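Colleague: I have a new structure to look at. Can you walk me through it?

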Amino acid sequence: MTRLASPARMAMCAVIVVGSALLSAAEADTEQARDLLRQAESQLSDSRLIDAADTFQRAGEAFLLAAAPSDAARCWIRAATALDAAGRTAEALEPIERARTILADDGEPGQLVTALNQMGAMLLRLGRNEESLSVLSQALEFAPRSPNPLAVGAVCNSIGNVYLALGDTPHALASYDRAASTFEAQGAVRPSAQVRTNMGAVYRDMAEFAKAREVLEQALATFRALRDEAGEAGALNNLGLVDLQTGSYESARARFAESLNIREKLGDSMNAAAAATNLGLAHYWRGDYAEALQAYAEALETYRRAGHRQAEATLLNDIGAVHLRVSDTALAREKLEEALAIRRQLGNPREIADSLDNIASIYRDRGDLRSALDGHQEALAMYRKAGDRHGEAGALHNLGESHAASGQQVTAYADFGEALRIRREIGDRQGIAATLLSAGRLRYQDHKPQAALTDLVESVQIAESLSDLPTLWEGNYLIGKIHNDIGKADEAIRFYEKSVETIQRIRVSADALSVEPEQFLSDKSKVFEELVDLLLSRHREKDALRYVQLGQSGELLELYNRARSRPASEEERQVQSVQSGLQANEFALVRSIQEEQSRGAPDQEKITRIEAELDAARIRLAAFVDELEASPQFDSLTIRPMELERIQKYLTPGTMIIAPMMLPERLVTFVVTPDLVTYRTADVRAEVVAAEISRLRKYASRPSRKDTGATTFLPAARRLYDWIISPVERDLHSVRVLMVSPTSRLRYVPFQALFDGKQFLVEKFRIVNLTSLGALEVGRSQSRGTPHVLAFGNPDGSLPEADVEVRAIAEIVPGTKGLLHEHATKAALRSEVRGHDVVHMATHGVLDADLPTLSYILFADKEGMPGRLGYSEIPALDFRSCRLVVLSACETALGARSEGGEISGLAYQFQRAGASAIVATLWLVSDEATARLMRVFYEKLVKGASASTALQEAQLSVRRDPATSHPFFWAPFIILGGAEEDSTGPR
């Protein structure tokens with residue numbers, strides 16, 4: 001029979017069924033939580049911090065559903081740790097707070113102490129120091145009840161970190177000491193050594209460097225005895241910071257590099273990035289800015305890959321600081337604003353203050369003093385709230401700079417005094433030097449020379465011990481000015497020369513960063529100008545001229561070729577061996593292309609691939625030349641006494657060099673002949689000369705329809721003649737070739753069009769423009785048979801007269817290879833330039849006055865679309881067989897702040913590629929007149945004339961035609977970058 005269950009029995013069965021279901025659900029939640037936990041651990045090991053944090057939190061939710069709150073709390077602690085490591089510290093507070101709440105309710109003191117300790121550390125990183133101290137004090141109350149015997153030591157170590165951030169070094173040391181004693185009592189050698197490492201950081205901040213070094217060396221020895229490579233790397237890193245603060249930059253770099261190597265070997269990518277960041281800092285303080293940026297870039301990539309936004313922002317801030325050091329304010333502001341945007345998202349007030357303070361400094365440099373003062377004040381309030389004394393002193397210093405710039409001297413003195421007091425208390429030697437420099441500068445401007453000298457001498461002494469180059473150059477310059485003002489000229493010269501030497505050391509890194517010379521020298525050209533003026537007053541003409549040349553933007557070529565001309569040391573021979581290897585590789589690739597092209601059916605794909613390799617090889621070679629120029633082995637900072645004498649030997653009779661330079665109160669023109677080095681002056685202010693140059697170019701480059709130049713161009717040309725040429729006329733008898741080595745805005749002067757009231761200068765002399773005196777040794781005598789011309793024209797179809805020009809050259813010069821329209825490509829230039837000694841480009845060329853490295857020459861690409869040969873691409877080409885590059889349709893704009901760097905810079909790039917000289921133009925030219933001028937130019941070249949003779953005859957021919965007599969049509973053409981081609985060498 002069928003049995004029916006009683007109601008009680010049925011109820012019992014229901015309970016059992018429900019209980020089994022609940023048990024199955026809990027088991028399922030637990031299994032899911034464990035799977036998620038394993039997944040999170042895997043993500044963490046791959047440094048996928050954000051993904052790991054998300055998965056840990058999901059695991060915590062699953063454990064909570066499985067009624068395992070302690071496991072959930074552990075997962076949320078791990079999630080917080082991952083977020084914190086990724087720089088998302090503000091976000092990490094939510095999971096750690098959830099963990100703390102659960103653990104407080106469950107009464108697990110061990111895990112609760114862990115959560116509180118971690119929360120305190122996070123609050124510290126966010127600059128919320130008082131909150132951090134409060135949370136850690138709670139942790140210390142629970143720590144004695146923790147089953148972990150090291151809990152008290154761990155919390156005391158964290159409390160020490162807070163006191164260190166607050167600048168309370170006595171309490172920091174006391175906390176660290178208690179932590180170390182706790183660890184040592186438990187025989188925990190490794191944690192004890194880690195605390196000793198922190199104590200070393202305290203001693204470093206207290207400027208007790210000997211004690212800091214002693215403690216850290218002991219910790220390092222302990223870690224090495226334990227074979228604890230992670231601890232060893234940390235101790236090395238801290239010792240490097242001590243070296244850095246005491247000015248031992250080479251030792252610091254070695255320690256950071258060793259720490260970096262260990263961490264990379266351990267696969268500890270995050271700490272390796274921290275070591276790379278510190279290595280960049282060492283390069284930064286050493287003045288090796290390119291190396292600093294390289295180290296920062298490597299660290300930045302790691303942090304971005306890991307999603308560590310806080311570290312990313314720090315590095316962007318540091319990268320911005322590097323660009324500020326070399327006066328590249330545009331790029332500096334871009335990086336600093338990137339950093340600020342991230343920091344505002346993360347909410348760390350101390351770091352926001354850093355970015356605000358730096359950006360405010362840029363506002364000050366741009367003259368926006370209201371924005372600068374607001375930014376510094378905001379940063380100062382944040383630093384004070386966070387208890388950051390380093391930041392407070394820096395913001396006060398910057399406030400002083402902005403108050404001084406706005407004429408509020410009393411307030412500025414107060415700011416500097418307070419900043420100096422704090423910096424002395426915390427032992428910030430670099431900061432002390434910087435504030436003393438600023439105070440000294442203000443006292444000098446306030447006509448307090450003795451007080452200024454006191455500040456400046458101490459500043460320079462500290463800066464020398466730290467190799468703080470930016471402080472050093474300006475400090476020596478101001479000391480020189482004070483000595484000059486009180487009549488101690490020889491002492492003044494000594495300090496000016498120290499300043500220039502330091503500028504040159506900084507300049508090496510500025511060049512490596514591709515900072516434009518005019519941009520770099522914007523606040524430093526006054527040193528060269530005042531030193532030259534002072535040397536002339538002491539009748540030291542040759543020394544003055546050396547400094548004129550050193551201050552030019554084209555000095556790199558001069559220094560590099562001078563270095564190559566002297567006997568090589570063993571180190572230099574090794575470097576030259578590397579260069580030879582690069583050149584050999586280049587030649588091998590060229591031969592491979594030639595061999596493939598000689599086949600009956602060449603493999604065009606293979607040729608294209610080899611051409612790409614060849615371009616890369618030439619770029620590597622150009623980069624290597626950059627390294628040579630920057631290398632101290634090549635004496636790039638040396639001013640050699642025999643330099644001018646050697647240059648004089650290259651001048652033939654009938655040749656003279658003039659080097660005009662604008663000084664604040666007068667225009668000085670140096671004169672160099674085979675037998676003479678002297679100078680002449682005209683009493684005219686620099687701004688008056690600059691205005692006349694602008695007027696001359698305006699009337700020359702944009703004539704009205706009926707303008708003959710009699711009432712517009714000629715008066716300006718006459719005035720410039722009177723200031724530059726008239727003073728040297730007594731030296732010009734028997735001169736046939738006039739070489740001009742102009743500086744700054746004088747590069748824009750069409751010297752051939754200067755007018756004496758009856759004649760233009762081109763009617764008296766052949767004129768060659770030199771990028772620098774060193775260029776005289778580059779463009780030596782060239783064979784002048786029938787030229788082999790490679791001519792490009794009208795790549796985009798907008799220059800119909802360029803077609804006529806190229807065809808005319810082909811008629812005049814037998815064997816000319818002309819490439820027009822879609823055939824005028826960069827690829828053709830690269831493949832055809834060998835075997836031609838003249839390359840002619842009848843195309844558009846844009847010489848960018850504000851950013852010379854953006855200059856380019858227009859070509860067609862392989863598909864017939866417009867292409868560009870960029871400034872930086874030129875050195876990768878091979879112009880070694882080329883005596884002359886002719887750019888017959890260039891355009892340049894006179895920028896408001898430009899100093900002519902785009903002109904000498906373009907010539908320099910072609911010289912690096914091997915060309916001896918370049919013909920270019922100073923303004924947009926007439927198609928028709930240019931075609932006529934070039935016809936005469938090549939007719940003269942074919943008859944054996946030198947380039948300067950041919951250009952002179954061509955310009956005179958165009959000028960004699962009434963329709964083209966205005967200088968607009970003939971005056972813009974100049975020969976740049978090399979010596980006169982028919983020079984015969986040393987006598």
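Colleague: What should I know before reading any values?

Modeller: This is a predicted model, where local features need pLDDT of at least 70, side-chain atom pairs count only at pLDDT 80 or more, and totals for chains, interfaces and linings use all residues. Residues are numbered from 1 along each chain as its sequence is written, and side-chain values use heavy atoms, with hydrogens and water left out.

Colleague: OK. How many helices and strands in the protein chain?

Modeller: The protein chain has 39 helices and 15 strands. These are DSSP runs numbered from the N terminus, helices being H or I with at least four residues and strands E with at least two.

Colleague: And what share of the residues counts as buried?

Modeller: 57% of the 987 residues in the protein chain. Buried means under 20% relative accessible area, exposed over 50% and partly exposed in between, with a 1.4 Å probe and protein chains only.

Colleague: Helix packing next. At what angle do α3 and α4 pack?

Modeller: Helix α3 (residues 69-85) and helix α4 (residues 89-106) pack at about 160°, and their axes are 8 Å apart. Therefore α3 is roughly antiparallel to α4. Angles under 35 degrees count as roughly parallel, over 145 as roughly antiparallel, 65 to 115 as roughly perpendicular and the rest as oblique. The axes are lines fitted to C-alpha atoms, for helices over the stretch in contact, and the angles run from 0 to 180 degrees between N-to-C directions.

Colleague: Which residues of α3 and α4 meet?

Modeller: Among them are Trp76, Ile77 and Leu83 in α3, and Ile96, Ile102 and Leu103 in α4. By class, the contact of α3 with α4 has 13 nonpolar, two polar and four charged residues. Contact means heavy atoms within 4.5 Å. Ala, Val, Leu, Ile, Met, Phe, Trp, Tyr, Cys and Pro count as nonpolar, Asp, Glu, Lys and Arg as charged, and the others, Gly among them, as polar.

Colleague: What about α11 and α13, parallel or antiparallel?

Modeller: Helix α11 (residues 229-245) and helix α13 (residues 269-286) pack at about 15° with axes 11 Å apart, which means that α11 is roughly parallel to α13. Asn237, Leu241 and Leu244 of α11 make the contact with Ala275, Asn278, Leu281, Ala282 and Trp285 of α13. That contact has six nonpolar, two polar and no charged residues.

Colleague: Switching to salt bridges. How many in the whole structure?

Modeller: A search finds 54. A salt bridge is a side-chain nitrogen of Lys or Arg within 4 Å of a carboxyl oxygen of Asp or Glu.

Colleague: Which residue does Glu401 pair with?

Modeller: Glu401 pairs with Arg441, with the closest N and O atoms 3.0 Å apart. Glu401 is in helix α19 (residues 389-405) and Arg441 in helix α21 (residues 429-445), so the bridge ties together parts 40 residues apart in sequence. Both Glu401 and Arg441 are buried.

Colleague: And Arg719, what does its side chain meet?

Modeller: Arg719 meets Glu692 in a salt bridge, 3.1 Å from N to O. Arg719 lies in helix α33 (residues 713-724) and Glu692 in helix α32 (residues 686-701), 27 residues apart. Arg719 counts as partly exposed at 33% relative accessibility, whereas Glu692 is buried at 4%.
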